[in-house]
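Subject: Structure handover

Hello,

Here is the structure you are taking over, with my notes below it. Please keep it open while you read.

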Amino acid sequence: MSKQRVLTGITTTGTPHLGNYVGAIRPAIAASREATNETFYFLADYHALIKCQDPAAVHQSGMEIAATWLALGLDINNATFYRQSDIREIPELTWILNCVCAKGLMNRAHAYKASVDANIADGEDADKAITMGLFSYPVLMAADILMFGANKVPVGKDQIQHVEMARDIAQRFNHLFCKKEPLLTLPDYQVDDNVAVLQGLDGRKMSKSYGNTIPLFLPEKQLQKQINKIVTNLQEPGEPKDPDTSTVFQIYQAFASAEQTAEMRQAYADGIGWGDAKKRLFALINAEVGEARERYNELLARPDDIEDMLQQGATKARAISQPLLEQVRRAVGIYGFR
(Lines give C-alpha, C1' and ligand atoms only; values in the text may rest on other atoms or scores of the structure.)
Protein backbone atom coordinates (compact mmCIF):
# COMPACT_ATOMS: atom_id res chain seq x y z
CA MET A 1 0.00 0.00 0.00
CA SER A 2 1.45 3.39 -1.04
CA LYS A 3 2.04 5.97 1.66
CA GLN A 4 0.03 9.16 1.91
CA ARG A 5 2.08 12.34 1.93
CA VAL A 6 0.91 14.61 4.75
CA LEU A 7 2.22 18.19 4.99
CA THR A 8 1.90 20.83 7.71
CA GLY A 9 3.43 24.31 7.94
CA ILE A 10 4.00 26.28 11.14
CA THR A 11 4.24 30.07 10.78
CA THR A 12 7.20 31.48 12.69
CA THR A 13 5.42 34.24 14.57
CA GLY A 14 5.23 34.16 18.35
CA THR A 15 5.93 31.53 20.98
CA PRO A 16 4.08 28.19 20.78
CA HIS A 17 1.14 28.00 23.19
CA LEU A 18 -1.22 25.35 24.54
CA GLY A 19 -3.65 25.92 21.67
CA ASN A 20 -0.91 25.23 19.10
CA TYR A 21 0.06 22.08 20.96
CA VAL A 22 -3.44 20.62 21.25
CA GLY A 23 -4.71 21.78 17.87
CA ALA A 24 -1.71 21.13 15.62
CA ILE A 25 1.53 19.86 17.14
CA ARG A 26 0.27 16.90 19.18
CA PRO A 27 -1.90 15.39 16.39
CA ALA A 28 0.82 16.04 13.79
CA ILE A 29 3.47 14.22 15.79
CA ALA A 30 1.03 11.34 16.25
CA ALA A 31 0.44 11.27 12.48
CA SER A 32 4.19 11.13 11.85
CA ARG A 33 4.34 7.82 13.70
CA GLU A 34 1.75 6.13 11.48
CA ALA A 35 3.32 3.70 9.03
CA THR A 36 0.87 4.70 6.29
CA ASN A 37 2.05 8.33 6.27
CA GLU A 38 5.06 10.11 4.76
CA THR A 39 5.13 13.37 6.72
CA PHE A 40 6.53 16.82 5.94
CA TYR A 41 6.67 19.57 8.59
CA PHE A 42 8.18 22.98 7.91
CA LEU A 43 8.81 26.34 9.53
CA ALA A 44 6.87 28.80 7.37
CA ASP A 45 9.20 31.77 7.72
CA TYR A 46 8.27 33.35 4.37
CA HIS A 47 4.66 33.37 5.55
CA ALA A 48 5.75 35.03 8.79
CA LEU A 49 6.87 38.13 6.86
CA ILE A 50 3.24 38.83 5.95
CA LYS A 51 2.34 39.36 9.62
CA CYS A 52 5.58 40.46 11.24
CA GLN A 53 8.21 42.98 10.23
CA ASP A 54 10.38 42.44 13.31
CA PRO A 55 13.44 40.43 12.11
CA ALA A 56 14.54 39.46 15.61
CA ALA A 57 11.05 38.18 16.47
CA VAL A 58 10.80 36.09 13.29
CA HIS A 59 14.24 34.59 13.90
CA GLN A 60 13.59 33.84 17.59
CA SER A 61 10.17 32.37 16.85
CA GLY A 62 11.67 30.03 14.29
CA MET A 63 14.15 28.68 16.82
CA GLU A 64 11.48 28.32 19.54
CA ILE A 65 9.08 26.49 17.22
CA ALA A 66 11.79 24.15 15.93
CA ALA A 67 12.87 23.38 19.51
CA THR A 68 9.24 22.77 20.49
CA TRP A 69 8.60 20.16 17.82
CA LEU A 70 11.89 18.40 18.53
CA ALA A 71 11.36 18.48 22.30
CA LEU A 72 7.90 16.96 21.93
CA GLY A 73 9.30 13.94 20.14
CA LEU A 74 9.21 14.59 16.40
CA ASP A 75 11.32 11.84 14.82
CA ILE A 76 13.32 13.61 12.12
CA ASN A 77 14.53 10.28 10.79
CA ASN A 78 10.95 9.38 9.97
CA ALA A 79 9.52 12.83 9.13
CA THR A 80 11.01 15.52 6.87
CA PHE A 81 11.43 18.62 9.05
CA TYR A 82 12.75 21.73 7.31
CA ARG A 83 12.71 25.52 7.09
CA GLN A 84 10.70 26.90 4.18
CA SER A 85 13.34 29.47 3.24
CA ASP A 86 15.98 26.74 2.86
CA ILE A 87 14.04 25.28 -0.07
CA ARG A 88 14.95 27.76 -2.79
CA GLU A 89 12.68 26.02 -5.29
CA ILE A 90 9.56 27.17 -3.38
CA PRO A 91 9.68 30.88 -4.33
CA GLU A 92 10.45 29.96 -7.96
CA LEU A 93 7.45 27.64 -8.09
CA THR A 94 5.38 30.38 -6.44
CA TRP A 95 6.15 32.75 -9.31
CA ILE A 96 5.26 30.14 -11.94
CA LEU A 97 1.98 29.42 -10.15
CA ASN A 98 1.27 33.16 -9.90
CA CYS A 99 1.36 33.21 -13.69
CA VAL A 100 -1.48 30.67 -13.94
CA CYS A 101 -3.53 31.79 -10.93
CA ALA A 102 -6.51 34.04 -11.67
CA LYS A 103 -6.65 37.30 -9.74
CA GLY A 104 -10.36 36.66 -9.19
CA LEU A 105 -9.47 33.57 -7.17
CA MET A 106 -7.28 35.67 -4.87
CA ASN A 107 -10.04 38.29 -4.59
CA ARG A 108 -12.15 35.64 -2.86
CA ALA A 109 -9.52 34.73 -0.22
CA HIS A 110 -11.01 35.09 3.27
CA ALA A 111 -8.05 36.94 4.83
CA TYR A 112 -7.90 39.51 2.02
CA LYS A 113 -11.67 40.07 2.06
CA ALA A 114 -11.66 40.46 5.85
CA SER A 115 -8.94 43.11 5.63
CA VAL A 116 -10.82 45.00 2.90
CA ASP A 117 -14.08 44.85 4.88
CA ALA A 118 -12.31 46.13 8.02
CA ASN A 119 -10.81 49.06 6.09
CA ILE A 120 -14.18 50.02 4.60
CA ALA A 121 -15.86 49.74 8.00
CA ASP A 122 -13.25 52.16 9.37
CA GLY A 123 -13.88 54.60 6.52
CA GLU A 124 -10.44 53.96 5.00
CA ASP A 125 -9.34 53.12 1.48
CA ALA A 126 -10.23 49.48 0.78
CA ASP A 127 -6.61 48.45 0.26
CA LYS A 128 -5.00 50.39 3.09
CA ALA A 129 -1.97 48.51 4.49
CA ILE A 130 -2.74 45.41 2.38
CA THR A 131 0.50 44.07 0.92
CA MET A 132 0.93 41.78 -2.04
CA GLY A 133 2.16 39.23 0.49
CA LEU A 134 -1.25 39.21 2.18
CA PHE A 135 -3.09 39.27 -1.14
CA SER A 136 -1.22 36.41 -2.79
CA TYR A 137 -0.09 34.26 0.11
CA PRO A 138 -2.50 31.46 -0.91
CA VAL A 139 -0.24 31.02 -3.96
CA LEU A 140 2.82 30.62 -1.72
CA MET A 141 0.83 28.12 0.35
CA ALA A 142 -0.07 26.30 -2.86
CA ALA A 143 3.63 26.09 -3.76
CA ASP A 144 4.41 24.69 -0.29
CA ILE A 145 1.84 21.95 -0.83
CA LEU A 146 2.36 21.16 -4.51
CA MET A 147 6.15 21.13 -4.32
CA PHE A 148 6.07 17.94 -2.29
CA GLY A 149 3.05 16.26 -3.85
CA ALA A 150 1.07 16.35 -0.61
CA ASN A 151 -2.03 14.17 -0.65
CA LYS A 152 -3.40 15.40 2.67
CA VAL A 153 -3.03 18.77 4.35
CA PRO A 154 -4.35 18.85 7.95
CA VAL A 155 -5.95 22.25 8.56
CA GLY A 156 -8.47 24.03 10.71
CA LYS A 157 -11.79 24.91 9.09
CA ASP A 158 -10.58 28.47 8.45
CA GLN A 159 -7.83 27.11 6.17
CA ILE A 160 -9.92 24.77 4.01
CA GLN A 161 -10.27 27.45 1.35
CA HIS A 162 -6.50 27.67 0.86
CA VAL A 163 -6.14 23.94 0.21
CA GLU A 164 -9.02 24.15 -2.26
CA MET A 165 -7.21 27.05 -3.96
CA ALA A 166 -4.03 24.97 -4.18
CA ARG A 167 -6.07 22.25 -5.85
CA ASP A 168 -7.60 24.75 -8.31
CA ILE A 169 -4.17 26.16 -9.17
CA ALA A 170 -2.71 22.66 -9.69
CA GLN A 171 -5.61 21.72 -11.98
CA ARG A 172 -5.08 24.88 -14.03
CA PHE A 173 -1.35 24.22 -14.36
CA ASN A 174 -1.90 20.59 -15.37
CA HIS A 175 -4.55 21.64 -17.91
CA LEU A 176 -2.26 24.22 -19.53
CA PHE A 177 1.05 22.40 -19.53
CA CYS A 178 0.57 18.67 -18.89
CA LYS A 179 -1.82 17.38 -21.54
CA LYS A 180 -0.57 13.77 -21.48
CA GLU A 181 -0.07 13.22 -17.78
CA PRO A 182 -0.71 15.54 -14.79
CA LEU A 183 2.46 16.71 -13.09
CA LEU A 184 1.14 18.39 -9.93
CA THR A 185 -0.67 16.26 -7.35
CA LEU A 186 -4.12 17.50 -6.38
CA PRO A 187 -4.22 17.84 -2.57
CA ASP A 188 -7.12 17.26 -0.21
CA TYR A 189 -7.66 19.00 3.11
CA GLN A 190 -8.02 17.00 6.29
CA VAL A 191 -10.06 18.42 9.17
CA ASP A 192 -10.09 16.46 12.40
CA ASP A 193 -13.27 17.40 14.26
CA ASN A 194 -11.93 15.60 17.34
CA VAL A 195 -9.03 18.05 17.69
CA ALA A 196 -9.85 20.66 20.30
CA VAL A 197 -9.80 24.40 19.63
CA LEU A 198 -8.78 25.77 23.01
CA GLN A 199 -10.25 28.83 24.65
CA GLY A 200 -7.82 31.44 25.93
CA LEU A 201 -7.57 33.36 29.19
CA ASP A 202 -10.56 35.52 28.29
CA GLY A 203 -12.80 32.75 26.95
CA ARG A 204 -12.24 33.58 23.29
CA LYS A 205 -10.27 31.26 21.00
CA MET A 206 -6.67 31.04 22.22
CA SER A 207 -4.76 33.21 19.75
CA LYS A 208 -1.64 35.38 19.68
CA SER A 209 -3.70 38.09 18.00
CA TYR A 210 -5.98 38.26 21.08
CA GLY A 211 -3.07 38.22 23.54
CA ASN A 212 -4.86 35.53 25.55
CA THR A 213 -2.47 32.58 25.19
CA ILE A 214 -0.75 30.31 27.69
CA PRO A 215 2.78 29.62 26.38
CA LEU A 216 3.49 25.91 26.22
CA PHE A 217 6.82 25.76 28.04
CA LEU A 218 6.49 28.36 30.77
CA PRO A 219 8.41 27.54 33.96
CA GLU A 220 6.18 25.90 36.57
CA LYS A 221 5.53 29.00 38.70
CA GLN A 222 4.76 31.14 35.65
CA LEU A 223 2.50 28.44 34.23
CA GLN A 224 0.51 28.40 37.47
CA LYS A 225 0.25 32.21 37.46
CA GLN A 226 -0.96 32.22 33.86
CA ILE A 227 -3.59 29.55 34.57
CA ASN A 228 -4.76 31.60 37.55
CA LYS A 229 -5.57 34.44 35.11
CA ILE A 230 -8.24 32.40 33.32
CA VAL A 231 -11.50 34.30 33.59
CA THR A 232 -14.23 32.56 35.63
CA ASN A 233 -17.61 33.59 36.99
CA LEU A 234 -18.39 34.68 40.55
CA GLN A 235 -19.78 31.37 41.80
CA GLU A 236 -18.49 30.42 45.23
CA PRO A 237 -17.05 27.05 46.38
CA GLY A 238 -19.90 24.66 47.08
CA GLU A 239 -22.10 26.03 44.30
CA PRO A 240 -22.61 23.58 41.39
CA LYS A 241 -20.92 24.84 38.21
CA ASP A 242 -21.54 24.20 34.51
CA PRO A 243 -18.43 22.58 32.99
CA ASP A 244 -19.66 23.17 29.46
CA THR A 245 -19.39 26.97 29.84
CA SER A 246 -16.06 26.87 31.70
CA THR A 247 -12.76 27.71 30.03
CA VAL A 248 -10.92 25.90 32.84
CA PHE A 249 -12.85 22.70 32.14
CA GLN A 250 -12.51 23.06 28.37
CA ILE A 251 -8.72 23.23 28.59
CA TYR A 252 -8.63 20.46 31.22
CA GLN A 253 -10.62 18.16 28.96
CA ALA A 254 -8.07 18.59 26.13
CA PHE A 255 -5.34 17.09 28.33
CA ALA A 256 -7.37 14.61 30.40
CA SER A 257 -8.30 10.97 29.93
CA ALA A 258 -11.97 10.04 29.70
CA GLU A 259 -11.86 8.94 33.34
CA GLN A 260 -10.22 12.18 34.51
CA THR A 261 -12.74 14.21 32.52
CA ALA A 262 -15.66 12.38 34.15
CA GLU A 263 -14.16 12.95 37.60
CA MET A 264 -13.71 16.66 36.92
CA ARG A 265 -17.24 16.95 35.59
CA GLN A 266 -18.50 15.43 38.85
CA ALA A 267 -16.31 17.84 40.83
CA TYR A 268 -18.05 20.72 39.03
CA ALA A 269 -21.43 19.29 39.96
CA ASP A 270 -20.22 19.02 43.57
CA GLY A 271 -19.22 22.70 43.61
CA ILE A 272 -15.43 22.64 43.29
CA GLY A 273 -13.90 26.07 43.91
CA TRP A 274 -12.26 27.87 41.00
CA GLY A 275 -8.91 27.92 42.78
CA ASP A 276 -8.95 24.14 43.22
CA ALA A 277 -10.08 23.62 39.63
CA LYS A 278 -7.17 25.71 38.38
CA LYS A 279 -4.73 23.77 40.60
CA ARG A 280 -5.95 20.53 39.04
CA LEU A 281 -5.55 22.03 35.57
CA PHE A 282 -2.00 23.13 36.33
CA ALA A 283 -1.05 19.69 37.69
CA LEU A 284 -2.45 17.95 34.60
CA ILE A 285 -0.71 20.21 32.08
CA ASN A 286 2.56 20.26 33.99
CA ALA A 287 2.64 16.46 34.12
CA GLU A 288 2.23 16.25 30.34
CA VAL A 289 4.74 18.90 29.28
CA GLY A 290 7.29 18.79 32.13
CA GLU A 291 9.83 16.45 30.54
CA ALA A 292 9.46 18.10 27.13
CA ARG A 293 10.06 21.51 28.80
CA GLU A 294 13.45 20.31 30.00
CA ARG A 295 14.37 19.04 26.53
CA TYR A 296 13.13 22.34 25.01
CA ASN A 297 15.38 24.43 27.25
CA GLU A 298 18.32 22.16 26.51
CA LEU A 299 17.76 22.54 22.76
CA LEU A 300 17.50 26.34 22.96
CA ALA A 301 20.92 26.30 24.62
CA ARG A 302 22.28 24.37 21.59
CA PRO A 303 21.14 26.33 18.52
CA ASP A 304 23.82 24.68 16.37
CA ASP A 305 22.17 21.31 16.97
CA ILE A 306 18.78 22.69 15.93
CA GLU A 307 20.34 24.10 12.78
CA ASP A 308 22.02 20.79 11.94
CA MET A 309 18.70 18.97 12.21
CA LEU A 310 16.93 21.53 10.02
CA GLN A 311 19.67 21.26 7.41
CA GLN A 312 19.32 17.49 7.47
CA GLY A 313 15.64 17.99 6.73
CA ALA A 314 16.37 20.53 3.99
CA THR A 315 18.63 18.02 2.23
CA LYS A 316 15.82 15.44 2.28
CA ALA A 317 13.28 18.01 1.10
CA ARG A 318 15.42 19.32 -1.76
CA ALA A 319 15.92 15.78 -3.04
CA ILE A 320 12.20 16.05 -3.90
CA SER A 321 11.86 19.74 -4.74
CA GLN A 322 14.78 19.99 -7.19
CA PRO A 323 13.62 17.32 -9.65
CA LEU A 324 9.99 18.48 -9.38
CA LEU A 325 10.95 22.04 -10.24
CA GLU A 326 13.03 20.84 -13.21
CA GLN A 327 9.92 19.07 -14.51
CA VAL A 328 7.84 22.23 -13.96
CA ARG A 329 10.40 24.41 -15.75
CA ARG A 330 10.51 22.05 -18.72
CA ALA A 331 6.70 21.89 -18.81
CA VAL A 332 6.44 25.68 -19.15
CA GLY A 333 9.33 25.93 -21.63
CA ILE A 334 12.10 27.26 -19.37
CA TYR A 335 15.18 25.10 -19.95
CA GLY A 336 18.51 25.17 -21.77
CA PHE A 337 19.17 24.93 -25.49
CA ARG A 338 21.62 22.01 -25.53
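Predicted model: local features only at pLDDT ≥ 70, side-chain atom pairs only at ≥ 80, totals over all residues.

A residue is called buried here if its relative accessible area is under 20%, exposed if over 50%, and partly exposed in between.

Aromatic pairs

Tyr268 has a relative accessibility of 0%, so this residue counts as buried. The ring of Tyr268 pairs with that of Trp274: the centres are 5.7 Å apart and the planes stand at 75°, so the pair is edge-to-face.

How many aromatic pairs does the structure hold? There are eleven. One of them joins Phe217 to Tyr296, with 4.6 Å from centre to centre and 35° between the planes, which makes the pair tilted. Phe217 sits in the loop between β5 (188–190) and α9 (220–228), while Tyr296 belongs to helix α12 (residues 274–300); the two are 79 residues apart, and the pair thus links distant parts of the chain. Phe217 is buried, because its relative accessible area is 10%. Tyr296 is buried as well, with a relative accessibility of 7%.

Elsewhere, Phe40, Phe42, Tyr82 and Phe148 are linked into a cluster by ring pairs. Another ring has a charge over it: the charged end of Arg204 sits over Tyr210, 4.1 Å from the centre of the ring.

Helices α9 and α12

The axes of these two helices come within 10 Å and cross at roughly 145°. The crossing of α9 and α12 is right-handed. On the α9 side, the residues in contact are Glu220, Leu223, Gln224, Ile227 and Asn228. They meet Lys278, Lys279, Leu281, Phe282, Ile285, Asn286 and Arg293 of α12. Sorted by class, the contact has five nonpolar, three polar and four charged residues.

Leaving aside residues up to four places away in sequence, Asn286 touches Glu220, Leu223 and Arg293. Of these, Glu220 and Leu223 are on the α9 side of the helix contact, and Arg293 is on the α12 side.

Two alanines

Ala129 is not a glycine, yet has a positive phi of about 65°. Where does Ala129 lie? The residue is in the loop between α6 (110–121) and α7 (132–147). Ala129 is exposed, because its relative accessible area of 74% is over the 50% limit.

Ala30 is part of helix α1 (residues 18–32). With a relative accessible area of 40%, Ala30 is partly exposed. Along the chain, Ala30 and Leu74 are 44 residues apart, and their C-alpha atoms are separated by 8.8 Å.

Regards

Terms used. Residues numbered from 1 in each chain as written. Heavy atoms only, no water. Phe/Tyr/Trp six-rings, centres within 6.5 Å; stacked < 30°, edge-to-face > 60°. Helix = DSSP H or I, 4+ residues; strand = E, 2+ residues; numbered from the N terminus. Buried < 20%, exposed > 50% of the residue type's maximum accessible area, 1.4 Å probe, protein only. Lys NZ or Arg CZ within 6 Å of the ring centre and 35° of its normal. Axes fitted to C-alpha atoms, helices over the stretch in contact; angles between N-to-C directions. Left-handed = near helix turned anticlockwise from the far one by under 90°. Contact = heavy atoms within 4.5 Å. Nonpolar A, V, L, I, M, F, W, Y, C, P; charged D, E, K, R; others polar.
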